[in-house]
Amino acid sequence: MGNFTANIRDMHEDYIRPQENGSHFGCRHMTVSDGRINLRFTAENDFSFNASEYTEEELAAKRHNFELQKCESNVICVDSQMAGVGSNSCGPALAEKYRLSLPNISAKLHMEILG
């Protein structure tokens, strides 16, 4: 467990074929700041987050990294849980322990805007 600092623009991994990336797991708190206003997320249980200059839709729609267009704002995604990778479409089914029991997911996240 530790505290880390990074610029959002440095958190993107420039894959040839765009995809969501840069997720940070096992977090108890996360703060995003523009130098004036802080947006802080906290939770009693671990959560994950992703901060990006691109929307998830932009990353999914483009076939090559040079086609990406940055969003006018930064995009912050906070997830209370995340399923493992695997779908049985091209390999084995995802092991039961890595699945999420949809639709029975609940979480308590706290968001503060501090100026």
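Visitor: Why is Ile-113 called exposed?
Guide: Ile-113 has a relative accessibility of 63%. Exposed means over 50% relative accessible area, buried means under 20%, and partly exposed is in between (1.4 Å probe, protein chains only). The value for Ile-113 therefore falls in the exposed class.

Visitor: What kind of model is this, and how are residues numbered?
Guide: This is a predicted model, in which local features need pLDDT of at least 70 and side-chain atom pairs count only at pLDDT 80 or more, while totals for chains, interfaces and linings use all residues. Residues are numbered from 1 along each chain as its sequence is written, and side-chain values use heavy atoms, with hydrogens and water left out.

Visitor: Where is Ile-113 found, and which residues does Ile-113 touch?
Guide: Ile-113 is part of strand S4. Leaving aside residues up to four places away in sequence, Ile-113 is in contact (heavy atoms within 4.5 Å) with Ile-37, Asn-38 and Leu-39. Ser-33 lies 80 residues from Ile-113 along the chain, and their C-alpha atoms are separated by 9.8 Å.

Visitor: What makes a strand, and which strands and helices does the chain have?
Guide: Strands (E, at least two residues) and helices (H or I, at least four) are DSSP runs, numbered from the N terminus. The chain has one helix and four strands, in the order β-β-α-β-β from the N terminus on.

Visitor: Which residues make the nonpolar surface patch?
Guide: Ile-37, Met-111 and Ile-113 make a nonpolar surface patch of about 310 Å². Patch residues have over 30% relative accessible area and no salt bridge; nonpolar side chains (Val, Leu, Ile, Met, Phe, Trp, Tyr) are joined within 5 Å, and like charges within 9 Å. Areas come from the Shrake-Rupley method with a 1.4 Å probe, and for residues only the protein chains shown count as cover.

Visitor: Why does Met-111 count as partly exposed?
Guide: Met-111 has 47% relative accessibility, so Met-111 counts as partly exposed. Met-111 lies in strand S4, which covers residues 109-114.

Visitor: How do you know the class of Ile-37, and where is Ile-37 found?
Guide: The relative accessible area of Ile-37 is 40%, so Ile-37 is partly exposed. Ile-37 sits in the loop between S1 and S2. Beyond four places in sequence, Ile-37 touches Val-32, Ile-113, Leu-114 and Gly-115. Ala-93 is 56 residues from Ile-37 in sequence and 44 Å away in space, C-alpha to C-alpha.

Visitor: Why is Ala-43 called buried?
Guide: Ala-43 has 17% relative accessibility and therefore counts as buried. Ala-43 has its place in strand S2. Residues up to four places away aside, Ala-43 touches Arg-28, Lys-108 and Leu-109.

Visitor: What makes Asp-46 and Arg-28 a salt bridge?
Guide: A salt bridge needs a side-chain nitrogen of Lys or Arg within 4 Å of a carboxyl oxygen of Asp or Glu. For Asp-46 and Arg-28 the N to O distance is 2.7 Å. This pair links distant parts of the chain, with Asp-46 in strand S2 (residues 38-52) and Arg-28 in strand S1 (residues 24-33), 18 residues apart. Asp-46, at 31% relative accessibility, counts as partly exposed, and Arg-28, at 40%, also counts as partly exposed.

Visitor: How do you know that Lys-70 forms a salt bridge with Glu-53?
Guide: The closest N and O atoms of Lys-70 and Glu-53 are 3.5 Å apart, and the cut-off is 4 Å. Lys-70 is exposed, with a relative accessible area of 53%, whereas Glu-53 is buried, with 17%.

Visitor: Which residue forms a salt bridge with Lys-62, and how many salt bridges are there?
Guide: Lys-62 pairs with Glu-58, the closest N and O atoms being 2.8 Å apart. Both Lys-62 and Glu-58 are buried. The structure holds four salt bridges.
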